Amino acid sequence: MGALLLMILYAGLFCAYSDSHQDNIETLMDNVVVLRVPKVLGSRVYVPLTCGEVYQDQPVFWKRNGMELNPPLEGNQVSVLVEEMSGGNYTCHLGPDGEYLNHTLILIQLDPDNRTVILEEKSPEEGHIHCSTPNYKGAFHCTWKRTQTSSNAAVLLVKAERNLEKIPCELDADGSGVRCQDATCPFKEEQDRISLTIYIYSYARLEAYSKVFYLREIVRPDKLPNLHMSSDKVFSWNLPDSWERPDSFFRLQFQVKVVEHGHSCNGEVMAENTTDETQYEVTIKAKKYVFCVRAQDKYAKGPWSHWSQCIVNKQGVTC
């Protein structure tokens, strides 16, 4: 009698546990159900599945990841027990070996989300997603890197918007980036930030990564073209072809460096300055050095462009 009472009590507690998690089941998109759990260990939740109203009176049989279930699962409307990370792709068929009818992908998301498994963090300041654009035309590119243990991870969904207006995006072929086009006029003052969310999954685990930014915060001018020595120790360059015009409205400032010969632009500095002009005279007496220049939006103070450089030695100037 006591054992029976314990079994009834356990069953009641289990049902209460499962029912309490029904609010954490969400349809993220067509054929994708997300189960949010506070922790994976010990999680056991029943998830309802429906093959479709048109199959209500049909002999519907279910499979998980292409495999038959044991015991067999039948019916148009069923519930499956998802234990810990045992989500998967549930397909319904017309009879045990019949044709495919429909499917539901069940993914597990930790709540609160623990984003340490699928994507690498680029830096504490930047987070997991890096976004950049060479101008204010509205197109921007965001990238991310999978961890070694999640090389198989696939992007499920990309959401981008500004002030509740959707921004169209296209996923890169390798799934490691996305290109988006915001239709906002470049001459318009940015009042609202862009919100970007990437839903990516590895096996049954789903993680959502978000980034919020103004376009002006990610504008990184292209490398400065046509860098050359116009006269003795006077270097000139052009604005990038991709930069906005008129340049009187979209002003650039330039950082110039003279570094020791044989070093990169981040090497030992012999001279350094900032200018608004597209030319600069080197006043040091050295015969061998490296001249470096890069650009930045003067007012937004966003990221600097990559360095352009000229190598100066006895043989001449190489840019």
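1. Start with two cysteines. Both Cys51 and Cys92 are buried. Here that term means a relative accessible area under 20%. Keep in mind that this is a predicted model. The two residues are joined by a disulfide, with 2.1 Å from S to S. The link between Cys51 and Cys92 is right-handed, with 80° about the S-S bond. Where do the two ends sit? Cys51 is in the loop between strand E3 (44-50) and strand E4 (60-64), while Cys92 is in strand E7 (residues 88-94). The pair therefore ties together parts that lie 41 residues apart in sequence.

2. Four of the five residues of E4 are buried, so the strand is largely enclosed by the rest of the structure. E4 pairs with E7 in the antiparallel sense, over five bridges.

3. E4 has another partner to check. Strand E5 (residues 67-68) pairs with E4 over two bridges, again in the antiparallel sense. Arg64 has Met67 of E5 as its bridge partner. How many residues lie between E4 and E5 in their hairpin? There are two residues between them. Asn65, in the turn, has a positive phi of about 50°.

4. Now move along the chain to an open sheet. Its four strands run in the order E9-E10-E14-E13, with antiparallel pairing. Which strands stand at the edges? They are E9 (130-132) and E13 (169-171). Each has a single partner strand, so one side of each is left without a neighbour in the sheet. On average, neighbouring strands of this sheet are turned by 20° against each other, direction ignored. As background, strands of a sheet pair through backbone hydrogen bonds, either parallel or antiparallel.

5. Strand E10 (residues 139-143) and strand E14 (residues 177-181) are antiparallel partners, and five bridges connect them. Within this pairing, Cys142 has Val178 of E14 as its bridge partner.

6. Cys169 and Cys180 form it, with their sulfur atoms 2.1 Å apart. The link is right-handed, with 105° about the S-S bond. Cys169 lies in E13 and Cys180 in E14, so the bond ties together parts that are eleven residues apart in sequence. Are the two cysteines buried or exposed? Cys169 counts as partly exposed, at 30% relative accessibility. Cys180 is buried, with a relative accessible area of 3%.

7. Go on to Cys265 and Cys292. They form a disulfide as well, their sulfur atoms 2.2 Å apart. This link is left-handed, with -90° about the S-S bond. It joins distant parts of the chain, 27 residues apart. Cys265 is in the loop between strand E19 (252-260) and strand E20 (269-275). Cys292 is in strand E22 (residues 289-297). At 5% relative accessibility, Cys265 counts as buried. Cys292 is buried too, with a relative accessible area of 0%.

8. Step back for the overall count. How many disulfides does the structure hold? It holds five. Number the bonded cysteines of the protein chain in sequence order, and the pairing reads 1-2, 3-4, 5-6, 7-8, 9-10.

9. End with Gln296. Its place is in strand E22, the strand that also holds Cys292. Gln296 is buried, with a relative accessible area of 6%. Its side chain makes a polar contact of 2.6 Å with the side chain of Gln253. A polar atom of the Gln296 side chain also lies 2.9 Å from the backbone oxygen of Gly302. Which residues does Gln296 touch, leaving aside those up to four places away in sequence? Among them are Pro221, Arg251 and Leu252, and also Lys301, Pro303 and Trp304. Gln253 and Gly302 are on that list as well.

Key. Residues are numbered from 1 along each chain as its sequence is written. This is a predicted model: local features need pLDDT of at least 70, side-chain atom pairs count only at pLDDT 80 or more; totals for chains, interfaces and linings use all residues. Side-chain values use heavy atoms; hydrogens and water are left out. Two strands pair if DSSP finds at least two bridges between them. Axes are lines fitted to C-alpha atoms, for helices over the stretch in contact, and angles run from 0 to 180 degrees between N-to-C directions. A disulfide is a pair of cysteine sulfur atoms within 2.5 Å. Buried means under 20% relative accessible area, exposed over 50%, partly exposed in between (1.4 Å probe, protein chains only). A polar contact is a pair of N or O atoms within 3.5 Å; within protein, one must be able to donate a hydrogen and the other to accept it, and residues adjacent in sequence count only if both atoms are side-chain atoms. Contact means heavy atoms within 4.5 Å.
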